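Open the model in your viewer and keep the selection panel at hand. The stops below go one by one.

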Amino acid sequence: MDQTKKIFKKIALFLPILGLMVAVNAIVDPAHLYLKSKSYEEGIARILASGHNVANVHNFDHRLVQKYRIAKEKGLPDMIVLGSSRSMQIGTNIFPDKLVVNNSVPGGSLADYLGILFNYEQKGGIPKTIVFCVDPWVLNPNNVGNDWVSIKEDTYAMLDKLGFPSRKIFKAPLISPKMTNLFSFSYFQTAIQTVFKEGFEGDSYFATDKEIADDYDIELKDGRRSYSKSFRSRSEKEIEKTAMDNFTSINKEFYDFQKPDHGMSNILKKLISYLQSKNVTVVFYLAPYHPVVYNTLLSPAKQKVLIEIENNYRDFAKRHDLKILGSYDPSKVGLGGLDFYDDFHASKEAVEKIFKQGIDL
Amino acid sequence: MLFNSIKFLIFFPIVTIGYFLIPFRFRWLLLLIASCLFYMAFIPKYILFLFLLIGIDFTAGIMIEQSKEEHRKIYLIISILSTCAALFVFKYFNFFNNTAAGLSHFLGWHFKPYHFGWVLPIGLSFHTFQSLSYVIEVYKGRYKAERNLGIYALYVMFYPQLVAGPIERPYHLLPQFYKEHSVDYERITGGLKLMAWGFFKKAVIADRLAIFVNNAYADHNSLGITYLIATIFFAFQIYCDFSGYTDIAIGAAKVMGFELIKNFDRPYIAKSLTEFWHRWHISLSTWFRDYVYISLGGNRTTIPFWILSIMITFIISGLWHGANWTFVIWGALNGFYMVFGRLTSGIRDSLAQKTGLSRHPMLHNGLKILTTFLLVCMGWVFFRAKDLGEAAHILKDIFYKGNGSIYGWLTHITSADNYSIIQTDILNKIGPDQFQFGCGVLMVVVMLIFEAVLGEKLFSQLALGWKAPARWLVYYGLVIAIIALGVFNRSPFIYFQF
């Protein structure tokens with residue numbers, strides 16, 4: 001017993017290091033998860049809702065920003081966009097005569113779309129037109145991720161509204177990702193880097209009317225993301241390299257994915273019927289992939305899955321009388337390597353080109 | 001389950017505490033269940049296949065022991081064939097099939113190869129060799145067949161060394177399952193220290209260097225000098241990755257009272273290729289020595305037969321690592337080094353005497369170490385490249401092509417412009433975290449200093465007898481280095497793929 005006590009005493013001597021790490025994670029909090037949580041996102045939402053762009057934002061909860069923004073807006077927009085970062089170039093640039101709000105969130109999933117729509121329901125109604133960016137992973141239950149958990153009560157409330165009382169399909173993790181991050185070594189490293197770069201207070205965002213900056217991204221008032229000039233003006237070779245690097249590190253959404261999930265398809269079907277019953281015009285948007293990714297990096301099997309999913313969405317749109325735009329295959333929408341920022345993200349001009357291919361909304 | 005995952009950090013203390021809390025007679029069962037869960041964290045269904053192999057080899061062991069002389073060999077062959085057949089189907093079927101298809105295409109025939117689509121079970125090559133070692137030892141009468149199926153299953157599946165060794169021998173590991181281990185302060189803290197050292201090597205050095213290596217090898221337009229640096233970094237990456245894994249495995253087993261075979265002994269201070277192979281992946285090298293090389297005649301044969309047995313042993317060893325021609329060439333190259341080393345040892349010794357080099361042992365040994373390291377690095381190019389074309393391209397760029405190559409450096413006066421191009425290429429491969437990368441490279445030096453201080457001892461024996469402040473400085477430094485400088489993207493260990 002003495003030996004056991006001695007061992008536990010020795011191990012306990014390492015606890016101060018763990019304690020220090022947790023304290024730094026909570027105080028520096030580079031992703032605004034703990035002490036800076038909510039106030040950071042509310043501030044961004046306030047600026048956007050007041051009709052200004054926001055610069056110098058990083059590491060924030062995009063779902064919460066959408067939630068707060070919808071609550072703070074004075075009225076309802078004419079049109080909204082629900083999707084991922086792949087649809088963040090759709091906005092007033094394409095529909096100058098309409099009040100458009102792009103509510104896309106990075107890695108957007110069906111759970112996010114439901115949660116955001118519920119916020120509109122609470123606001124008083126759903127906008128008359130919705131562009132859904134139907135990414136391949138939208139119907140993949142293995143890739144819902146954990147980000148949606150920030151607005152999980154809204155997602156569950158919308159599921160109830162659609163007649164899906166079971167919460168099994170979108171299961172929130174037992175331990176909140178925020179809690180695990182408190183003990184994360186990577187988060188600690190980011191916190192230390194943040195302290196060196198910006199001090200303990202961090203470098204705050206600010207309102208701006210600029211639409212493009214040299215070195216940083218801007219969140220535009222219509223919800224679009226404006227990438228920095230340095231990011232946009234890269235050579236084809238640099239874009240191709242980024243495409244290859246990014247793709248090999250984050251191609252997870254293709255894993256464990258043989259065909260669209262039946263349960264998820266049912267929810268999407270119910271959601272579309274619900275929206276149509278409220279006279280909402282729904283448009284599907286298939287965001288293209290960089291040609292190198294689509295033609296070279298995707299194995300034939302995975303390419304086949306993409307084609308099947310695209311066909312599945314096309315059939316779905318046909319059955320429900322929905323308009324559908326774009327294609328995962330860049331060649332089908334006439335895009336080349338230079339039309340992309342990286343592996344997943346078509347440029348603003350490329351997206352405008354797709355939407356101009358004969359659609360009147 | 002990866003050692004460098006949160007799951008393992010929860011799994012390991014639970015299993016260890018449970019192991020010491022329950023009565024001795026149930027401990028093997030707990031370890032077996034834990035090992036099954038550990039294995040099932042990868043692809044659960046493959047455990048059935050592993051059970052089948054365990055059943056075959058366990059039965060074969062008993063049958064070999066109980067049968068008459070003329071039947072014993074039959075049971076041995078059945079056991080070896082079934083174990084090797086599994087390895088062949090999962091690991092080599094597509095390789096040989098595609099090679100045959102390529103050959104038939106070359107000859108103008110049309111043979112469409114069937115593609116075997118099942119993923120290679122994790123650690124198959126390791127537990128296959130451990131099983132083979134068991135039946136061969138029983139056949140040779142050097143070890144009695146195990147009568148407890150559970151204990152035998154644990155011998156094959158013991159979770160610390162299940163997926164990447166060290167490849168154990170029955171006479172070393174099996175008796176340990178019958179010994180009762182108590183809580184021992186020195187042993188447990190020694191095991192934990194060794195585990196921490198393994199995590200340090202993996203997270204702080206191997207995964208950090210991997211960033212540069214992966215970027216350089218992925219870019220076919222890298223400069224020769226960049227490829228050269230990447231290959232040297234790869235030498236330390238693979239060493240820290242695999243020996244780091246081994247340290248965690250040996251440390252985890254040690255905490256519970258089990259001693260596993262030492263697998264590495266400062267390989268990069270080897271003065272010859274023969275010495276290198278006595279220091280690198282020792283459990284595999286000795287396996288090949290005992291069961292392949294000696295069976296082929298070993299040292300007690302004529303020079304031509306000796307050359308043949310060395311080449312066969314190393315080519316099989318290369319193929320064991322992976323079903324790719326790059327591994328075959330890597331094995332053959334090492335075999336060639338061994339043959340060349342032995343055949344020229346007399347000439348080299350007399351040359352050293354004539355030039356006076358042998359009178360300066362420090363310089364002479366330093367040159368030997370450097371030459372051995374560079375030869376090993378040349379082999380690593382084949383080990384790391386995805387195919388022979390890529391390996392040839394990289395070697396050509398290192399030695400010959402352009403200003404960034406060795407030839408370029410020797411024949412051109414490198415201008416400031418060239419330095420700037422080289423600097424840009426290297427910085428591109430390092431990526432945005434230049435400070436952390438610099439620290440990672442510095443940690444290679446720290447590791448080498450620690451290894452020099454330790455000599456043949458393991459890290460668990462470091463600082464014994466030191467004063468408390470010095471000891472705790474090392475412990476805290478190690479933990480802080482892991483937390484602050486480690487890469488935590490849960491990258492699998494390189495040897496898991498084998």
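Chain B averages 88, and 96% of its residues score at least 70. For the complex, the predictor gives an ipTM of 0.73 and a pTM of 0.76.

This is a predicted model: local features need pLDDT of at least 70, side-chain atom pairs count only at pLDDT 80 or more, and totals for chains, interfaces and linings use all residues. Residues are numbered from 1 along each chain as its sequence is written, while chains are lettered from A and ligands numbered from 1 in the order in which they are written.

Next, the sheet. Helices (H or I, at least four residues) and strands (E, at least two) are DSSP runs, numbered from the N terminus. Strands pair if DSSP finds at least two bridges between them. In chain A, select the open sheet of 4 strands, order 5-1-6-7, with antiparallel pairing. Strand 5 (206-208) and strand 7 (225-226) of chain A are its edges, each pairing on one side only. Zoom in on strand 6 (218-219) of chain A, which is joined to strand 7 of chain A by 2 bridges. Here Ile218(A) has Ser226(A) as its bridge partner.

Contact means C-beta atoms, placed from the backbone, within 7 Å.

Last stop: the interface. Select 12 residues from chain B and 13 from chain A. On the chain B side, helix 8 (185-218) and helix 20 (468-485) of chain B each give two or more residues. Helix 20 of chain B has the largest share, 5 residues.

Key
pLDDT is the predictor's confidence in each residue, from 0 to 100. Two residues are in contact if their C-beta atoms, placed from the backbone, lie within 7 Å.
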